[in-house]
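Dear colleague,

Please find below the sequence and structure that I am passing on to you. A summary of what was found follows them.

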Amino acid sequence: MRARILFVSDLHKRDCDFSTIAGYTKAVDAVQRDILSFIKQKGITHLVSLGDWYDKGYRSINRSNNDRNLDEDLSKAVNGNFYICLGNHFFLERDNNPEMYLIQPSEYYKPSQPIYATSPIIRAVPSLRIGPVQISFFHYSKENKNYIAERDPEVKYHIGVYHDDTVVPTQQRNGAGFRGTTMTSYLDNIFENINLAIVGHIHTPVGAFNIQARGRSLPMIIPGSMAITTSGSNDLHTDVNLPVVEIADDGRVSCALYTFDLHANLLRFYKKKDKPLKAAMPEQAVMEIPKTVTLVEYLRAKGFNENQLKLVDAASESYLEVVQGLKILGLVGGAQNGTA
């Protein structure tokens with residue numbers, strides 16, 4: 001036996017549980033321990049991630065170290081032959097995603113700041129040759145969906161690894177909850193030199209089926225995610241069937257599916273909390289902005305009598321003597337009822 005390759009689907013490792021899914025990180029850890037045990041039991045020589053191995057940037061050092069340690073153990077178990085097809089989450093997060101540093105040094109994808117790394121824990125490469133078999137990694141691209149790779153002349157069997165729903169025929173694509181129509185001409189073009197297509201990104205476990213390209217039939221496998229990231233009906237599955245491709249010494253290729261438990265029994269689902277309505281502002285905190293009025297009008301509205309208003313008016317126009325003010329208020333002779 002020349003090689004035995006295990007393809008693992010989206011795991012979405014993250015530093016904490018989702019707000020609506022308790023026990024998420026425990027379930028993900030259990031899945032990784034199962035993968036490690038399977039590698040040792042079945043003599044797996046290569047491990048290939050279909051993308052979104054990590055979910056997003058990390059804020060917790062202890063959780064980051066825990067997941068890195070698991071990745072190192074997985075990589076050591078396959079003698080460093082741990083490969084990844086980079087998914088859309090890598091390009092959303094980039095420098096915040098632990099995947100960026102696990103694949104260093106990389107000729108193709110580098111963080112904004114240089115880091116020290118002598119060898120990658122997970123390898124991000126365009127292709128891998130194992131005897132007469134070629135595995136092409138079609139890393140996710142938002143703009144360029146022309147997922148085509150040249151096939152070496154000596155290659156007898158070409159495996160394409162994808163992380164994009166656009167490469168899936170319309171029926172299976174829509175059945176998994178994605179919108180869009182996949183043109184037959186597009187499938188003919190990208191699968192012209194492919195013998196087996198294995199697709200990540202789609203969380204629904206579609207399984208194995210045949211597709212048509214250039215008048216021939218070829219198998220496509222969509223295992224579904226190895227983690228339940230939402231409580232939606234399409235994502236609620238308890239296991240996935242992961243492909244193991246075996247390459248014999250004589251170059252013959254075979255593929256078998258193995259069931260992996262997602263440890264959904266560790267999960268608890270909660271409804272999203274409704275955001276509280278914005279509290280009404282207390283009445284005393286609301287400032288009334290009155291229409292523009294004169295000072296006299298404002299004081300009259302506050303209850304000042306006419307003599308008091310005249311006093312204010314006289315004081316605002318010129319210097320007001322005390323005797324004049326007393327006369328206006330009617331406190332001395334000569335000023336009664338507001339008249340001089």
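At 4% relative accessibility, Tyr147 is classed as buried, where buried means under 20% relative accessible area, exposed over 50% and partly exposed in between (1.4 Å probe, protein chains only). Tyr147 and Tyr162 make an edge-to-face aromatic pair, 6.5 Å centre to centre and with 75° between the planes. For such pairs, the ring centres of Phe, Tyr or Trp (its six-membered ring) lie within 6.5 Å; planes under 30 degrees apart are stacked, over 60 edge-to-face and the rest tilted. Because Tyr147 lies in the loop between β6 (133-138) and β7 (157-162) and Tyr162 in strand β7, the pair ties together parts that are 15 residues apart in sequence. Helices (H or I, at least four residues) and strands (E, at least two) are DSSP runs, numbered from the N terminus. Tyr162 is buried as well. Ring pairs join Phe138, Tyr147, Tyr162 and Phe191 into a cluster.

Please note that this is a predicted model: local features need pLDDT of at least 70, side-chain atom pairs count only at pLDDT 80 or more, and totals for chains, interfaces and linings use all residues. Residues are numbered from 1 along each chain as its sequence is written, and side-chain values use heavy atoms, with hydrogens and water left out.

Turning to the sheet, five strands form an open, mixed arrangement in the order β4-β3-β1-β11-β12; strands pair if DSSP finds at least two bridges between them. Its edge strands, each pairing on one side only, are β4 (82-84) and β12 (253-261). Strands β1 (residues 3-8) and β3 (residues 46-49) run parallel and are joined by four bridges. Within this pair, Val8 stands opposite Ser49 in β3.

The largest nonpolar core has 40 residues, of which Leu6, Ile35, Leu47, Trp53 and Met226 touch the most other members. A nonpolar core is a set of buried Ala, Val, Leu, Ile, Met, Phe, Trp, Tyr and Cys residues joined through side-chain atoms within 4.5 Å. Two or more residues each come from β1, α1, β4, α4 (99-102) and β11, and α1 gives the largest share, eight residues. Leaving aside neighbours within four places in sequence, Leu6 is in contact (heavy atoms within 4.5 Å) with residues including Ile35, Phe38, Leu47, Leu242 and Phe260. Apart from this core lies another, of 22 residues, among them Tyr140, Phe191, Ile194 and Ala197.

Yours sincerely
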